[in-house]
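These are my notes on one protein model, kept in the order in which I looked things up.

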Amino acid sequence: MGEECHDQTSPDSSTGDSGLRQAIDFLSSLILLSHSIKVFSGKWQSIRSKLEEVNSGLIAFENCNSSENQEINDLVLSLMVTITECYDLARRCVDFSYSGKLLMQSDLDVISAKFDAHSRKLTEIYNAGILTQGFALIVSRPGFGACRDDMRFYVRDLVTRMKIGDIEMKHQALSNFYAAVVEDEKYVNVITELGDVVNVLVNFLDSSEIEIQEGSAKIVSVIARFDSHKGFLVGAGAIAPLIRVLECGSELGKEASARCLKKITENSDNAWSVSAHGGVTALLNICSLSDCRAELIGPACGVLKNLAGVEEIRRFMVEEGAISTFVKLSRSKDETVQVNSIEFLQNIASGDEFIRQTVVKEGGIRTLLKVIEPRSTCSSKTREIALRAIENLCFSSTSSIGFLLNNSFVDHLIFFLRNGEVSVQELALKVAVRLSGTSEEAKKALGDAGFMPELIKFLDSKSFEVREMAVEALSGMVSVPRNRKRFVQDDRNIALLLQLLDPEQEHAGNKKLLLSILMSLTSSNSGRRKIASSGHLKNIEKLADAEVYDAKKLVRKLSANRFRNILTGFWHS
């Protein structure tokens, strides 16, 4: 590519039928030559962007058949002089024939300023109404799989129209731009390669024209989806204008801005910048509006969840009334709003006892209990999220556990164990296991509600994880006397435990916990008798023979009790 560029004819040695066409050809040649320059790369990248912008403007003039206009002809003549100067600088950089770096840097700054002036003149000419309607016909987007140069030209043409066009033309260019980046992500790469494109889009976020503001917000929102390109938006100063859109923009503009900020704040380094520009207050104001659309609350809540990872910002949210706002939103009939608000409450209270207590005081737990009521119309997804939130918010507090036990939480859990979808059922089991380990009162409540028969059903589950959770819960629950009494009343319960201790049992549970349950049951006469008389006692004996300590301990206890009974019978005979 470099050798081809060396062979390009310089502007001052060429002739052509049309000055405008000649300028376009020379600019294209100069752009091509600039790609082979290895020095002062930053400055040449900036100059190349300006060359492409001017080139797009000249092509627009040519399409409008405006070559007879004297003002355009004067611009072309002046531009040819600058092109010639730039071509000379480019050749010297390619050949490393410049006299000094500082002098060359100064010359490049001068030439860059000249192209800026030409670009401003292009804008003045267009605004003066010299161009015909032909310029309004945006060039067709290259087909899928087009080469990068064609895509760059198309983007440059759109950017030129965005810069020098009237309101309608800007809006049309933004619409075409949005369609391009949505349908082909390669255009996002082109945008970030042409650095000034991002700057134009960011500047448009402050436009007083709603359509222009919305169009640019939608495009930057698409760019933000790509992790490798989010930095370009932050570097271009997008955060502050995005927040201004949240404060004063249209509904559609706010939605796009919130989606963009949600992606940007996935990097916690950007959280402080959003907060510093008033983003937290703007987002909370949006979420507190009674008529705010779910499409806006969802991403707004997503941004706040990201920001909640910073302790100082989290506390500021609480001071600004975030807890009260999101407890209200968690009662929404819209599933998206409800899910996002519950997740926010869970996130903001994570690891912070003060905030967790604030959630409780604001009625957050009562609201979550209503969500999981069997009679509620909430979806399984919402119920799962509410269950997780209850577990995370309540299980570390004795008072909160007491509140749950007194407000039908255990009844809700057993309902889901018996009737829920598989995902809800397994989550209810997990929550029940953890609840059973919190207090004696919880174990009693679970036993009184009829949990043990349900847990026994899970002991033979195909899922290893489910079997482990069920046996863990039972192990804790039978430590309570009245639960043991219930358990041994059904002969099948002990028989199942002994069957599961079969060394050849494919779905055997945690043997240590199973043996622990049986050891607890031997504390009652009924339990000992049923274990000793079971036809599956041999499974314990096999484990004892295999030197399993807990099995040997259980056999000794059963034997000692049997011997004691024999002695008791002898002395009373």
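Which residues of helix H24 (residues 409-419) are buried? I found Phe409, Val410, His412, Leu413, Ile414, Phe416 and Leu417 on that list. I note at the outset that the model is predicted.

**Entry: around H24**

I looked up what covers the buried residues of H24, and the cover includes helix H21 (364-371), helix H22 (380-394) and helix H23 (398-405). H25, helix H26 (440-448) and helix H27 (451-458) are also included in that cover.

I then went to Gln425, which sits in helix H25 (residues 422-436). A polar atom of the Gln425 side chain lies 2.6 Å from the backbone oxygen of Leu417, and Leu417 is among the buried residues of H24. With neighbours within four places in sequence set aside, I list Phe416, Leu417, Gly420 and Phe458 as contacts of Gln425.

**Entry: another positive phi**

Where does Phe40 lie? I place Phe40 in the loop between helix H2 (19-34) and helix H3 (41-63). Phi of Phe40 is near 50 degrees, again a positive value in a residue other than glycine. Is Phe40 buried or exposed? Phe40 has a relative accessible area of 15%, and buried means under 20%, so Phe40 counts as buried.

**Entry: the chain as a whole**

I took the totals next. The protein chain has 34 helices and zero strands. It has 573 residues, of which 51% count as buried. Its accessible surface comes to about 26,400 Å², and carbon and sulfur atoms hold 48% of that surface. Of the contacts with a separation of 6 or more, 70% are between residues 24 or more positions apart.

**Entry: salt bridges**

How many salt bridges does the structure hold? I read 27. The general idea is that side chains of opposite charge can pair when their charged atoms come close. I looked at several in turn.

Arg156 pairs with Glu52, with the closest N and O atoms 3.3 Å apart. This pair links distant parts of the chain, as Arg156 is in helix H6 (residues 148-164) and Glu52 is in helix H3, 104 residues apart. Arg156 and Glu52 are both buried.

Arg92 and Asp88 form a salt bridge at 3.4 Å, N to O. Both lie in helix H4 (residues 70-95), four residues apart, which is about one turn of the helix. An α-helix has 3.6 residues a turn, so residues three or four places apart point the same way. Arg92 is partly exposed at 26% relative accessibility, and Asp88 is partly exposed with a relative accessible area of 39%.

The side chains of Asp206 and Arg244 meet at 2.8 Å, N to O. I placed Asp206 in the loop between helix H9 (195-204) and helix H10 (210-223), and Arg244 in helix H12 (residues 239-248), 38 residues apart. Asp206 has a relative accessible area of 41% and counts as partly exposed. Arg244 is partly exposed as well, at 37% relative accessibility.

Which residues are linked in a network of salt bridges? I wrote down Asp227, Lys230, Lys263 and Glu266.

**Entry: Arg259**

My last stop was Arg259, which belongs to helix H13 (residues 251-264). Arg259 is at 35% relative accessibility, so it counts as partly exposed. Leaving out residues up to four places away in sequence, I find that Arg259 touches Ser221 and Pro299. The C-alpha atoms of Arg259 and Ala300 are separated by 7.4 Å, although these residues are 41 residues apart along the chain.

Technical notes:
Residues numbered from 1 in each chain as written. Predicted model: local features only at pLDDT ≥ 70, side-chain atom pairs only at ≥ 80, totals over all residues. Heavy atoms only, no water. Helix = DSSP H or I, 4+ residues; strand = E, 2+ residues; numbered from the N terminus. Buried < 20%, exposed > 50% of the residue type's maximum accessible area, 1.4 Å probe, protein only. Contact = heavy atoms within 4.5 Å. Areas by Shrake-Rupley, 256 points an atom, 1.4 Å probe, with all protein chains shown as cover. Polar contact = N/O pair within 3.5 Å; in protein donor to acceptor, adjacent residues only side chain to side chain. Salt bridge = Lys/Arg side-chain N within 4 Å of Asp/Glu carboxyl O.
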